[in-house]
Amino acid sequence: MDAEDYAVKLTEIIRNNNICSVTVVRMEVPCCGGIEYAVKKALQDSGKFIPWNVVTITTDGSKRL
């Protein structure tokens, strides 16, 4: 996943809409870190302060907050 391309798209979505909060749901494996990075960058680049959190699903299927 090319996180930079997604960050640009997400930035525009956040800028142009009334987003109240963002929740990222990802797996704990390293390849899923790109979506978390893209969302964090998009939120920063949007210039808006929007509450956000990350829910991580472990490889055994349990949830980590």
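Strands β1 (residues 22–27) and β2 (residues 52–57) of this predicted model pair in the parallel sense over six bridges; strands count as paired if DSSP finds at least two bridges between them. Helices (H or I, at least four residues) and strands (E, at least two) are DSSP runs, numbered from the N terminus. In β2, T56 is the bridge partner of R26. The path from β1 to β2 passes through helix α2 (residues 33–46), a right-handed β-α-β crossover; right-handed means that, with the strands pointing away from the viewer, the path from the first strand over the helix to the second runs clockwise.

Buried denotes under 20% relative accessible area, exposed over 50%, and partly exposed in between (1.4 Å probe, protein chains only).

The structure holds zero disulfides, a disulfide being a pair of cysteine sulfur atoms within 2.5 Å. C31 is in none; the nearest cysteine sulfur, that of C32, is 4.2 Å away.

| Cysteine | Relative accessible area |
|---|---|
| C20 | 61% |
| C31 | 62% |

The chain has a mean pLDDT (the predictor's confidence in each residue, from 0 to 100) of 89, and 92% of its residues reach 70 or more. Among its elements, β1 has the highest mean pLDDT (95) and strand β3 (residues 63–64) the lowest (72).

Residues are numbered from 1 along each chain as its sequence is written, and side-chain values use heavy atoms, without hydrogens and water. Local features need pLDDT of at least 70 and side-chain atom pairs count only at pLDDT 80 or more, while totals for chains, interfaces and linings use all residues.
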